[in-house]
Amino acid sequence: MTDWSWDYNPSAESITGGLPPGVVAEVERLAAELAALGHDSVRVGRPLDREGGLREFDILGGRGFISFLAVPRHECVYVCNVTWYGS
């Protein structure tokens with residue numbers, strides 16, 4: 001277990017506004033799991049060939065993805081965008 005946390009950047013309203021509640025719950029569950037990984041979260045998702053920077057991770061069987069930034073200096077994972085294709 002790490003001391004890392006997660007947050008929305010810039011805000012929960014701007015990122016999750018209009019999304020179904022189940023999608024928001026899944027995003028928040030994944031964000032908590034990424035934070036639990038701590039520094040290893042810089043290697044999760046795409047791109048596969050490098051670590052750090054803005055990362056992407058598929059959600060709900062490929063029906064969307066989250067973009068997140070793991071910042072070791074802040075010990076925080078920031079969810080920056082959610083793309084949801086619906087259905």
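The protein chain has two helices and four strands; helices (H or I, at least four residues) and strands (E, at least two) are DSSP runs, numbered from the N terminus. This is a predicted model, in which local features need pLDDT of at least 70 and side-chain atom pairs count only at pLDDT 80 or more, while totals for chains, interfaces and linings use all residues. Residues are numbered from 1 along each chain as its sequence is written, and side-chain values use heavy atoms, with hydrogens and water left out.

Along the sequence, the elements of the protein chain follow the pattern β-α-α-β-β-β. The four strands form an open sheet in the order 1-4-3-2, with mixed pairing; two strands pair if DSSP finds at least two bridges between them. Strand 1 (5-8) and strand 2 (54-59) stand at the edges with a single partner strand each, so one side of each has no neighbour in the sheet. From one strand to the next, the twist averages 30 degrees. Strand 3 (residues 64-71) pairs with strand 4 (residues 76-84) in the antiparallel sense, over eight bridges. Leu69 has Tyr78 in strand 4 as its bridge partner.

Helix 2 (residues 21-37) lies across strand 1, strand 2, strand 3 and strand 4, and runs at about 140 degrees to strand 1. For such angles, axes are lines fitted to C-alpha atoms, for helices over the stretch in contact, and the values run from 0 to 180 degrees between N-to-C directions. Contact means heavy atoms within 4.5 Å.

After strand 4 comes the segment that holds Tyr85. Tyr85 is exposed, with a relative accessible area of 59%; exposed means over 50%, buried under 20%, and partly exposed in between (1.4 Å probe, protein chains only). Leaving out residues up to four places away in sequence, Tyr85 touches Gly62, Arg63, Gly64 and Phe65. Tyr85 and Gly62 are 23 residues apart along the chain, and their C-alpha atoms are separated by 8.8 Å.

The chain as a whole can be described next. A compact globule of 87 residues would have a radius of gyration near 12 Å, and the protein chain agrees with 12 Å; the radius is taken over C-alpha atoms, and the globule rule is 2.2 Å times the number of residues to the power 0.38. Taken along the principal axes, the C-alpha atoms fill a box of roughly 35 × 25 × 20 Å. Of the 87 residues, 40% count as buried. Among contacts between residues at least 6 apart in sequence, 47% join residues at least 24 apart.
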